[in-house]
Amino acid sequence: MTELPPRRAVVLLSGGLDSATCLAIAREQGFECYALSVAYGQRHAAELTASKRVADSLGAAEHRLARVGLGQFGGSALTDPTIDIPIDARGANTSPIPVTYVPARNTVMLSIALAWAEVLGANDIFVGVNAVDYSGYPDCRPEYIKAFETMANLATKVGVEGERMTIHAPLIELSKADIIRRGTTLGVDYSQTVTCYQADDTGRACGRCEACRLRRAGFLESGLDDPTRYANGKPPDLSA
């Protein structure tokens, strides 16, 4: 009896905690994983270096880096150095959508993943968006993922020919602590990941931005050791 080849999946991999866990879940589900990282002009480029480490350690069949110049448009503290990144919870809840939101980022990245998936003959795309411990980004909501999947099946050759494309968001309803627990059971080495919005060139976290605070709170709630390296040697003060 001829053994069927493994199903292929494209996994968006930023180099952060969530996407690393997402890659581990895709692997656990039996997919042959093709990791895709996107350099979109982010100030925290250390995460792209981390993405290579994570892809290697979790056994991705291939890892590619796509480049898109979202920084040329600005509009986000993550791409425009003239916009301050909120620190120590300052500004974190002043608007439903904070200044760290990058306009259309997930739509752009999922579209690139969709293009590669068609070429690979992959009918599955994994993305580590989360609608629980997140910053209010509109492109992290379940209804957005559902809408993109509908579009993907309308706008592609594979969809027209009857092969369904599925967008998987396995973390979307998990807390940060649950994500960390799940990833730990799957062998994710979180010391290899970078989550900070303004990590230094070596990947050390600032310990003050909202991403750092959410990550730290997740480790505390999970009861697991936090391997994050901080530039000042100290984790965030969550009481601030």
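Predicted model: local features only at pLDDT ≥ 70, side-chain atom pairs only at ≥ 80, totals over all residues.

Trainee: Good. Which residues does Gln192 touch, then?

Mentor: Leaving aside residues up to four places away in sequence, Gln192 touches Ala50, Arg53, Val54 and Ser57. The C-alpha atoms of Gln192 and Ala50 are separated by 6.1 Å, although these two residues are 142 apart along the chain.

Trainee: Where does Gln192 sit?

Mentor: In the loop between α6 (176–185) and α7. Those labels come from DSSP runs: helices are H or I with at least four residues, strands are E with at least two, and both are numbered from the N terminus.

Trainee: And is Gln192 buried or exposed?

Mentor: Gln192 counts as buried, because its relative accessibility is 19%. Buried means under 20% relative accessible area, exposed means over 50%, and partly exposed is in between, using a 1.4 Å probe and protein chains only.

Trainee: Let's switch to α2. What does it pack against?

Mentor: The buried residues of α2 pack against α1, β2 and β3. Among those buried in α2 are Ala46, Leu48, Ala50 and Val54.

Trainee: How far apart are the end C-alpha atoms of α2?

Mentor: They are 17 Å apart, which agrees with the 16 Å that its 12 residues should span at 1.5 Å a residue. The expected span is 1.5 Å times one less than the number of residues in the helix. After α2 comes Gly59, whose phi is positive, near 75°.

Trainee: What about the strands? How do β1 and β2 pair?

Mentor: β1 and β2 pair in the parallel sense over 5 bridges; two strands pair if DSSP finds at least two bridges between them. To get from β1 to β2, the chain passes through helix α1 (residues 17–28), a β-α-β crossover that is right-handed. Right-handed here means that, with the strands pointing away from the viewer, the path from the first strand over the helix to the second runs clockwise.

Trainee: How many bridges join β2 to β3?

Mentor: There are 6 bridges, and these strands run parallel. The chain goes from β2 to β3 through helix α2 (residues 46–57), and that β-α-β crossover is right-handed. β2 is mostly covered, with 7 of its 8 residues buried.

Trainee: Now the inside. Which residues touch the most other members of the largest nonpolar core?

Mentor: Leu110, Ile125 and Ile145 do, in a core of 46 residues. α3 supplies the largest share of this core, 7 residues. A nonpolar core is a set of buried Ala, Val, Leu, Ile, Met, Phe, Trp, Tyr and Cys residues joined through side-chain atoms within 4.5 Å.

Trainee: What does Leu110 touch?

Mentor: Not counting residues up to four places away in sequence, Leu110 touches Leu12, Ile125, Val127, Tyr144, Ile145, Phe148 and Ile167. Apart from that core lies another, of 24 residues, including Ala9, Ala24, Ala35 and Leu58.

Trainee: Tell me about α3 itself. How many residues does it have?

Mentor: Helix α3 (residues 105–120) has 16 residues and reaches 23 Å from first C-alpha to last, close to the expected 22 Å. Its buried residues include Met109, Leu110, Ala113 and Trp116. The elements they pack against include β1 (8–12), β2 (32–39) and α4 (142–154).

Trainee: Last topic: how many aromatic pairs does the count come to?

Mentor: It comes to 5 aromatic pairs. Rings of Phe, Tyr and Trp (its six-membered ring) pair if their centres lie within 6.5 Å; planes under 30 degrees apart count as stacked, over 60 as edge-to-face and the rest as tilted.

Trainee: Why is the pair of Phe31 and Phe126 edge-to-face?

Mentor: Because their planes are at 70°, with the ring centres 5.2 Å apart. Phe31 lies in the loop between α1 and β2 and Phe126 in strand β4, 95 residues apart. Phe31 is buried, with a relative accessible area of 6%, and Phe126 is buried at 0%.

Note on methods: Residues numbered from 1 in each chain as written. Heavy atoms only, no water. Contact = heavy atoms within 4.5 Å.
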